[in-house]
Amino acid sequence: MSPEQQVPYLARTKSFTRRGRGLHASTQRTWDEHGDKYLIDVPRDGGYTTVDPSFRIEPKVVFGRSAPLVIEIGSGNGEQIVDFAARHQDHDLLAFEVWTEGLGKTVSRAVETGVSNIRLVEADVAQCLPFILPDQCATEVWTFFPDPWRKARHHKRRLVQPAFAREVARVLKDGGVWRLATDWEDYAWQMRDVVESVEEFANPHQGQRPHPHDPEGDRGGFAPRFAQRVLTRFEERGQLSARPAFDLVAVRMPRGEGQS
């Protein structure tokens with residue numbers, strides 16, 4: 001039995017479906033050769049995706065500089081984060097992902113592109129975000145196409161909930177932006193409602209841009225497509241299935257005196 005299997009830990013409601021950890025041989029070689037440059041080695045708390053609550057990431061230390069920080073939650077194959085990193089080398093990008101193969105592909109993309117301003121964490125961000133990062137460290141947070149948990153009885157597993165939104169607000173600087181996107185209509189409504197229910201955020205498009213599937217045009221709040229969000233193969237599959245993507249923007253409101 002491995003050390004991880006020997007450590008008991010409490011079951012928790014997860015916002016993702018865990019996929020296999022196996023890597024293709026070529027991806028494994030790239031991981032072995034370059035992983036230390038991109039992957040942050042985090043201590044575990046009983047599982048592959050749980051992080052020891054005592055662990056902290058200090059972005060200035062990790063990147064070796066002070067620069068605008070963008071956090072991507074669920075980086076998938078790395079198409080978005082690597083493209084942005086290459087175009088904005090004055091920014092630092094930190095991604096959380098639970099899919100090991102996706103992390104491996106992201107490392108491979110980063111190596112091929114020659115970017116060095118990316119760091120990756122294999123972790124369940126819902127579990128570790130409350131403690132792993134300092135307050136007001138990020139200028140943007142991205143949550144693009146999180147697991148939709150389509151069945152109504154599974155909606156409680158969805159990542160975008162008020163409690164999680166408040167953690168995103170904690171790590172954002174005043175005026176920082178949380179960008180979200182989904183191609184599941186009912187999740188789009190939920191995301192919009194969460195953004196507008198959490199007092200730390202303002203929706204600059206509230207009451208504007210009605211949802212395309214709302215013929216009455218009386219329920220808006222959706223943003224134009226983020227110009228720097230790449231069209232991934234995942235999103236293309238949604239379009240082929242007649243599921244357009246809907247973007248949302250939440251702006252972090254200024255903190256009052258004594259607020260974090």
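Strands β1 and β2 run parallel and are joined by five bridges. E72 finds its bridge partner, A95, in β2. Helices (H or I, at least four residues) and strands (E, at least two) are DSSP runs numbered from the N terminus. This is a predicted model: local features need pLDDT of at least 70, side-chain atom pairs count only at pLDDT 80 or more, and totals for chains, interfaces and linings use all residues. Residues are numbered from 1 along each chain as its sequence is written, and side-chain values use heavy atoms, with hydrogens and water left out.

The open sheet has seven strands in the order β3-β2-β1-β4-β5-β7-β6, with mixed pairing. Two strands pair if DSSP finds at least two bridges between them. At the edges sit β3 (118–122) and β6 (201–202), each pairing on one side only. Helix α4 (residues 79–87) lies across β1, β2, β3 and β4 and runs at about 175 degrees to β2. Axes are lines fitted to C-alpha atoms, for helices over the stretch in contact, and angles run from 0 to 180 degrees between N-to-C directions.

The largest nonpolar core has 44 residues; I71, F96, I132, L133, W178 and F201 touch the most other members. Such a core is a set of buried Ala, Val, Leu, Ile, Met, Phe, Trp, Tyr and Cys residues joined through side-chain atoms within 4.5 Å. Buried means under 20% relative accessible area, exposed over 50%, partly exposed in between (1.4 Å probe, protein chains only). Helix α8 gives this core its largest share, six residues. A second, separate core of 22 residues includes L23, V70, A110 and V115.

F201 touches, among others, A165, L172, W178 and V251, not counting residues up to four places away in sequence. Contact means heavy atoms within 4.5 Å.

There are eleven salt bridges in the structure. Each is a side-chain nitrogen of Lys or Arg within 4 Å of a carboxyl oxygen of Asp or Glu.

| Salt bridge | N to O distance |
|---|---|
| D135 and R170 | 2.7 Å |
| R158 and D186 | 3.1 Å |
| D193 and R192 | 2.6 Å |

D135 lies in the loop between α6 and β4 and R170 in helix α7, so their bridge ties together parts 35 residues apart in sequence. D135 is partly exposed at 35% relative accessible area; R170 is buried at 14%. Salt bridges with shared partners join D135, E167 and R170 into one network.

R158 is buried, at 3% relative accessible area. D186 is partly exposed at 33%.
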